[in-house]
Amino acid sequence: MLTIYGVPLSVHTRKALMTAMHKNLDHNFEVVIPVIPDSPPANWPTLSPTGLIPALRDGEFTLADSTAICLYLERKHPNAPLLPADNQMCGRALWFDAYAGGTIFRQIVHPLFHQIIVAPRIRKIATDQAIVDTVLEQVRPKIFSYLESQIDGPFLVGPSLTLADLAVASNLLTYRYLGCPIPPDQYPKLSRYLASILDLDVFRRAIAQERPFVDQMGLDRGFLN
């Protein structure tokens with residue numbers, strides 16, 4: 001039995017889950033949630049040596065890190081591929097995956113989620129509006145302008161869904177849950193791209209699965225069709 005351990009609404013957990021969904025592995029796929037950072041499973045150090053999510057168990061085999069999990073599933077289940085056969089296109093897909101985790105998440109999604117959700121609703125401390133303003137006014141324009149310049153069709157790389165789309169759009173989905181817009185007048189291609197990607201079956205399934213947690217946390221779903 002394939003098991004993915006993670007936290008609802010985590011952009012990294014969602015990416016791993018959608019990889020399994022896209023490959024139709026849900027018939028033997030179980031999501032074990034929630035993994036609360038302060039009270040993880042007893043064997044958590046074995047499942048995730050870094051303590052980070054997500055982690056995977058496939059029989060006796062365990063693996064941590066969302067990209068490693070996605071690549072493992074891609075190799076083991078080559079149906080419905082998420083990496084292009086062309087070397088250069090595959091390289092670009094891996095680049096966007098890295099950019100999503102290392103730049104979009106670290107510089108936009110993580111600080112906004114912490115300030116808008118974690119600080120006031122979980123830690124019961126005030127949001128630092130200066131951090132929010134800096135992200136939206138100084139950090140976001142550079143990153144969104146880059147993404148806008150890279151979009152030339154319905155997908156980031158090639159003619160079909162790839163790991164690049166799962167990684168980038170997963171981050172943008174959580175960003176939109178926070179009530180933050182993608183101004184269509186400034187980023188028309190990025191705005192259309194996200195709306196189209198979120199309408200795909202694999203994203204619809206992920207969104208439906210996490211809706212109870214979205215509603216529980218009072219996040220914004222108004223942008224969804």
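Buried means under 20% relative accessible area, exposed means over 50%, and partly exposed lies in between, with a 1.4 Å probe and protein chains only. This is a predicted model: local features need pLDDT of at least 70, side-chain atom pairs count only at pLDDT 80 or more, and totals for chains, interfaces and linings use all residues. Residues are numbered from 1 along each chain as its sequence is written, and side-chain values use heavy atoms, without hydrogens and water.

1. Start with Asp-65. It sits in the loop between strand 4 (61–64) and helix 3 (66–76). Helices (H or I, at least four residues) and strands (E, at least two) are DSSP runs, numbered from the N terminus. Asp-65 is not a glycine, yet its phi is positive, about 85 degrees. Its relative accessible area is 43%, so Asp-65 is partly exposed.

2. Next, Lys-124. Its phi is also positive, near 60 degrees, in a residue other than glycine. Lys-124 belongs to the loop between helix 4 (87–122) and helix 5. With 63% relative accessibility, Lys-124 is exposed.

3. Check the peptide bond between Ile-53 and Pro-54. It is cis, with omega about 0 degrees. Pro-54 lies in the loop between helix 2 (44–47) and strand 3 (55–58). Most peptide bonds are trans, and most residues other than glycine have a negative phi.

4. Now helix 7 (residues 188–198). Leu-190, Tyr-193, Leu-194, Ile-197 and Leu-198 are buried there. Seen down the axis of helix 7, these buried residues fall within an arc of 115 degrees, so they line one face of the helix. The arc is taken from the directions from the helix axis to the C-beta atoms.

5. What covers that face? The cover over the buried residues of helix 7 includes helix 5 (129–150), helix 6 (163–177) and helix 8 (201–216). Contact here means heavy atoms within 4.5 Å.
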